[in-house]
Amino acid sequence: MAITLEDVRDHVTSGTIAELIKHTHTSRVALFDPMARIFLAVQPEHADENNRVDWSKVQVNPEDLEKPVTLQDIEAWFKTSPPVNAVSSFRQLFDTWRTESPTWSEVIQTCARVSPMAIRSVLPNSMELANRQIQEMFEGFGEPVGRALATVAASYNNASDSAMVAYLTPEAVHAYLEGCETVFTPNSLNSLMRALPSDLDLPHEAGEVYADIMIGLKDHESLDDGYSYSYRIDQRWLDGEQIARIVLANKTNIERARWLMATLAFDGHTQAFDAFGEILGDEELGTDALLYLGLGGEWGRAVAARLVEDEQTSELARTHAETLLEFEPPTHPESDRMLSPLLGHLVKHHRFGFTFDSMLIEKALGEPVVGTPTPYEDLSKLYNKQAEEPTEQAWLDLMWMIAFEPGRYLSQENYENAVALGLLGREPSEDELLRVIDRLDWGKQINSSAKIGYGEALLGAGASEEVFHHAMAKFATLQRTNYLGYIESCFEEPAKKSEVPWTNSIERLVWQHRYDKQNVYHTLEHPKQFAEAEGDGEVAIDAPGDILFECHISALVPSKITVRGDVTLSIDPVAKTFVFEGLPQTVEGVLPPMFGDSYTVQGEIHKNRGIFGVNGVVIEGQKVEDLELVPANEKAPIKIATLESSTTCRITLSEKYSETLGNHVLSLLRDLEDVQALAEIRAMQSPVAAYTLYLFSQLAPSDYMRDAAMRQLCELAELAEPYLGEVPEPKGPAPIATVSFDAIIERMQALSETPLHQGTEAAYMEQRWVGFEDVNLFPGDGDDDDYDDEEYDEDYDDYDGGYGEENYQVVSAVMLSEPFEDGQEQTRPYWFSEDGADSMLGNFAGLAGNGMWYESKAYGEVYVDEDRDLILMDLTLERENYDGWPIQGGAYLACWKCKEGWLFASWGRSRSELQRVIGLDFWPTQLQWRSIEGWLGY
Amino acid sequence: MEEFGELRSMLHQTPSERAFASLMRRFERMWNKYPARSRDELLPYARGVLETWPDATRTIPGRWRHAFWSEKRSVPGELLSLGKRLTLTHEKIDASQLEALVLHDAGRELRLLELTSCELGDAHVMALLKGSSAIRALDLGGNNIGSEGAKALAESELAGQLTSLSLWNNALKPEGISAIASKRWPKLEKLDLISTSCGDEGAAAIVEHFEANFPALRELLLVYNLFSPAQTGHLKALEFMRPEERSLRVEC
């Protein structure tokens with residue numbers, strides 16, 4: 001039962017205040033003033049050394065108990081530096097339901113001003129932030145709250161308030177940054193910046209502070225000599241000058257400076273190119289900056305042009321800029337946009353425009369219709385999953401209880417408070433559901449231990465599909481933390497269980513939410529639309545192979561969309577289903593929610609892959625592979641066909657750029673010796689790939705890279721002509737020289753300072769071999785000077801089956817698996833046949849040294865090159881360890897030939913080392929592999 | 001030059017603490033880039049315009065706060081002197097640092113000084129009083145200042161010039177309070193003595209000297225001092241001694 005004023009008076013007069021304190025929260029509605037008076041009587045001397053309050057020492061004048069507590073009273077109390085524990089308990093008197101002064105917000109702001117060290121005790125904790133009312137309260141906090149948090153952070157030398165600060169106002173965030181200027185580590189700064197929403201309107205000066213912090217951190221002990229992933233520039237609130245200041249401050253560490261520039265270029269912010277312009281006149285980094293401006297397409301070129309015109313530009317910068325303007329980049333054949341390898345990152349369209357807030361129901365709500373509250377006992381049963389046939393009223397009342405007391409157990413006292421506030425007994429209606437949804441805390445559930453999510457309660461209270469969607473949208477817009485499993489248990493599972501007809505669309509939305517969380521992009525701009533076609537009942541338009549398209553169908557009638565010849569996507573908006581046909585496998589699925597009286601279908605196709613969506617939501621079975629390739633200079637029609645001639649069909653086409661190309665360039669920029677990345681760029685076989693190679697052949701910082709880029713450019717034949725003035729003769733992959741087995745041994749020995757292991761009978765294979773490890777020893781059975789055979793025999797009972805200690809290292813060795821008889825070359829092994837590559841996996845486990853992986857799963861990619869007599873595999877190995885935990889490993893396998901016969905390699909060491917042993921100029925490019933999956937048995 | 005024009009226009013924005021911080025950061029960058037022109041042309045102009053800004057908005061930016069005594073962050077003294085308010089909280093400060101502050105050219109020109117919870121004792125107060133000062137509002141709350149510090153303050157020139165004095169949460173004790181009460185504070189409008197171990201004796205001294213020594217006082221804060229009901233009554237009675245146009249609020 002709730003306590004009364006008389007109870008409070010009795011405890012105060014009898015010196016048993018401690019009994020009252022546990023009722024602080026539940027008494028906040030009816031007894032705010034008396035309870036607050038008790039706290040305001042707590043003084044520092046009432047606490048022990050651990051800050052625990054000895055309530056028997058606290059003296060309260062009973063006559064003061066009913067005196068209204070003002071904000072000034074609280075301010076005066078804060079000035080006495082009350083014990084932190086008392087402040088934390090005092091804070092239990094406040095929540096966002098309290099509207100009269102002193103409000104929670106006022107108390108927090110007062111505390112920030114006069115007792116900043118107690119600020120964390122009065123703020124909500126980081127688990128309470130997914131609530132609209134709390135977020136709105138944060139929007140009212142200015143500079144003092146940010147500064148107070150910084151004061152605490154500085155005092156503890158730990159700026160770890162990112163979750164909280166992310167909801168503050170720009171002024172408060174600015175103050176926090178400034179106050180923690182000397183406290184940040186690269187990690188804590190990174191963590192804070194990641195948490196800040198992009199639409200936060202931080203002032204220019206905050207960028208100055210951030211730049212100063214970054215420069216101050218450049219020598220931080222947590223950064224190693226190479227590039228550190230935690231040290232990167234968040235340029236969202238910086239201008240080019242500020243960015244350049246940070247980069248140039250790091251130029252004594254050229255690797256670091258390059259790492260910063262590489263990440264800047266791909267972040268989707270134009271100011272990165274302004275920064276490269278600022279750096280262009282620098283003696284050390286100017287040429288790197290020139291390369292970046294060249295890669296930056298229209299944005300880089302605009303900066304170069306501006307610098308040439310500016311009289312203030314230094315001579316070096318001007319020379320560089322003029323050099324760049326002499327280049328002639330290719331343009332997109334349709335949109336005429338200047339091409340850049342970065343476009344895949346800078347112009348993205350992965351999501352088809354769907355946003356959860358489009359499902360919010362915005363309307364004026366009517367007044368609540370007051371009825372009879374559900375009895376506490378009935379709510380308690382429902383809360384504990386013991387109610388048999390709960391009413392809509394009961395579910396609604398339970399939701400109001402949880403909205404009122406998020407994260408707390410249902411109790412009689414809480415119930416009485418909710419009744420006193422008139423929250424219970426309201427008539428279930430759409431308006432009332434919208435009202436309660438607006439008050440929910442999206443980090444909580446109805447009852448997490450009984451696994452009752454909000455979704456179950458909403459359905460129980462009679463929520464319609466639209467209201468359910470509205471709730472999901474509220475969740476998606478208010479909850480910034482990605483709690484694994486929350487959205488599923490909150491919405492998807494209850495929908496499935498209830499079997500509402502719109503369950504499938506909920507599943508799609510849940511999937512979309514996960515997808516959005518995993519694919520966060522910053523883009524400079526969206527792709528340009530360059531063509532459009534419209535027709536009655538049907539329409540078609542020719543489209544390039546790589547394309548973004550959107551189809552608009554003006555009525556909810558079935559339609560069939562055809563792409564790349566004969567791949568069709570049939571949509572039935574009434575049955576809410578779709579079917580993909582014309583692929584190796586037919587894919588069927590359900591549609592996301594259908595709103596209004598029309599619908600859209602989106603597609604993004606690149607090379608032989610596509611991803612599709614309906615109404616902006618990516619659909620099930622979305623990843624379509626094995627589409628027929630369309631050559632770069634050819635087109636394939638996209639068609640919409642309906643059976644209703646009164647339906648208007650419209651198709652729009654927009655640019656599609658390769659993100660993969662951008663990734664290869666990023667990889668190259670992060671390691672300017674990585675010639676493999678040049679090969680990957682060449683393999684993209686596009687005009688922009690050719691231009692990229694040309695840029696590197698002219699502007700890369702080293703001769704080595706310039707030469708390597710030129711070699712790759714020459715492999716592109718006609719695509720290279722604009723830059724070379726003629727069509728070069730591609731040389732193709734360099735042949736693999738057939739050397740003796742001894743030469744292989746020499747190559748391997750060159751990789752190690754210790755002698756290799758060799759033998760003539762490799763385990764079960766009985767073949768000649770050489771390795772860095774003994775292929776015949778089970779893992780863990782290696783040489784041990786102190787090893788005693790006799791002791792081993794005595795301990796035989798403990799023998800664990802030959803595996804010894806757990807050692808998941810894959811053996812790196814080469815074996816002469818099929819010697820040529822009489823020195824005569826024989827036909828290629830069966831592995832080269834169409835279905836034979838899988839059987840190569842058997843050889844892996846044939847080596848005793850790989851015994852830990854026997855019968856494990858292996859999956860990855862295989863490259864079969866009949867011209868060069870070469871098979872390569874890049875595998876991930878998967879098995880359980882002896883405790884049942886999954887473990888993973890990696891291995892390369894290879895087959896090629898030497899003078900004496902066919903070789904087999906099992907390789908746990910680096911790829912580049914295997915490349916050298918084989919004598920391979922480049923590793924095959926990503927597009928040349930196909931997937932493989934099998935078991936590592938015999 | 002465009003940058004100078006931009007800075008000039010910043011001087012004419014709505015005054016605020018944040019605006020002043022931005023202005024100073026920009027000014028510092030300009031000073032480093034064009035020292036002569038900044039000093040000779042911009043500084044006099046800025047001084048003139050900033051006189052129209054309220055003192056409370058002219059807060060020394062966070063990163064300059066230690067520039068009065070530390071060479072780690074050197075700031076041109078001329079720029080520092082544009083700030084009129086210094087706030088430091090929950091930072092331990094040495095007496096020698098305070099001495100450096102008041103002897104610093106820019107320190108002498110401060111008008112609002114807030115050093116709260118900085119572990120200041122009586123020696124710090126003595127150090128603070130070593131130089132002449134333009135301080136009008138002084139907040140030394142949350143420190144360890146005792147009766148000696150209070151006496152020193154009362155004896156100093158500050159008594160004649162302060163409009164606001166906050167000594168909350170310092171153990172001034174009745175002797176310290178009496179020392180304050182027995183001196184004339186002709187301009188003092190706000191006196192915050194919350195939680196100062198004032199006691200009835202200290203309160204009595206305030207009541208006794210109130211009319212003579214606190215002619216301008218509008219706000220007297222004395223809560224958390226464990227007064228007897230009688231003394232509380234005497235203190236509250238002060239509110240009725242004032243004519244309406246000089247109304248007084250007493251919290252006790």
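Let's start with A:P102, in the loop between α5 (84-90) and α6 (104-114) of chain A. Helices (H or I, at least four residues) and strands (E, at least two) are DSSP runs, numbered from the N terminus. The peptide bond from A:S101 to A:P102 is cis, with omega near 0 degrees. Why point that out? Most peptide bonds are trans, and most residues other than glycine have a negative phi.

Some ground rules. This is a predicted model, so local features need pLDDT of at least 70 and side-chain atom pairs count only at pLDDT 80 or more, while totals for chains, interfaces and linings use all residues. Residues are numbered from 1 along each chain as its sequence is written, chains are lettered from A and ligands numbered from 1 in the order in which they are written, and side-chain values use heavy atoms, with hydrogens and water left out.

Back to the backbone. A:K451 is not a glycine, yet has a positive phi of about 55 degrees. Look for A:K451 in the loop between α24 (430-439) and α25 (454-460) of chain A. A:K451 counts as exposed because its relative accessibility is 69%. The scale runs like this: buried is under 20% relative accessible area, exposed is over 50%, and partly exposed is in between (1.4 Å probe, protein chains only).

B:L226 is not a glycine, and its phi is positive, about 50 degrees. B:L226 is in the loop between β6 (219-221) and α12 (229-241) of chain B. With a relative accessible area of 81%, B:L226 is exposed.

Now chain B as a whole. Chain B has 12 helices and 7 strands. Its C-alpha trace spans about 70 × 40 × 25 Å along the principal axes. Of its 252 residues, 52% count as buried. Take the contacts (heavy atoms within 4.5 Å) in chain B with a separation of 6 or more: residues 24 or more positions apart account for 79% of them.

Next, charges. Side chains of opposite charge can pair when their charged atoms come close. A salt bridge here is a side-chain nitrogen of Lys or Arg within 4 Å of a carboxyl oxygen of Asp or Glu. How many salt bridges are there over all chains? The search of the whole structure finds 77.

Here is one: A:K22 pairs with A:E19, with the closest N and O atoms 3.4 Å apart. A:K22 is exposed at 60% relative accessibility. A:E19 is partly exposed at 41%.

Here is another: A:D869 and A:K897 meet at 3.1 Å, N to O.

Chain B has a pair in B:E51 and B:R111, 3.6 Å from N to O. B:E51 is in the loop between α3 (35-50) and α4 (77-80) of chain B, and B:R111 in the loop between α6 (105-108) and β2 (112-116) of chain B, so this pair links parts that are 60 residues apart in sequence. B:E51 is partly exposed, at 47%. B:R111 is partly exposed, at 21%. Salt bridges with shared partners also build one network from A:E178, A:E205, A:E208, A:D212, A:E241, A:R245, B:E6, B:R25, B:R26 and B:R29.

That brings us to the interface. Between chain B and chain A there are 8 salt bridges. One of them joins A:E205 to B:R25, with the closest N and O atoms 3.7 Å apart. The contact takes 27 residues from chain A and 19 residues from chain B. About 2,100 Å² is buried between the chains, and carbon and sulfur atoms give 42% of that. In chain B, the residues that lose the most area to chain A are B:R18, B:R25 and B:Y224, together 34% of what that side buries. Buried area is the accessible area (1.4 Å probe) that two parts lose on being put together, summed over both.

Last topic: empty space. Rolling a probe the size of a water molecule over the atoms shows where empty space is left. A cavity is a set of points, on a 1 Å grid over the protein atoms alone, where a 1.4 Å probe fits but cannot get out; lining residues have an atom within 4 Å of a point. Grid points are joined across faces, edges and corners, and a volume is the space filled by probe spheres set on the points. The structure holds 5 cavities of 30 Å³ or more. The largest cavity has about 60 Å³ of space. Its lining includes A:G344, A:H349, A:L548 and A:E604. The lining divides into 5 charged, 3 polar and 3 nonpolar residues. Here Ala, Val, Leu, Ile, Met, Phe, Trp, Tyr, Cys and Pro count as nonpolar, Asp, Glu, Lys and Arg as charged, and the others, Gly among them, as polar.

Terms used: 1 Å grid on protein atoms, 1.4 Å probe; cavity = no way out; pocket = protein on both sides within 12 Å on 5 of 7 lines; lining within 4 Å.
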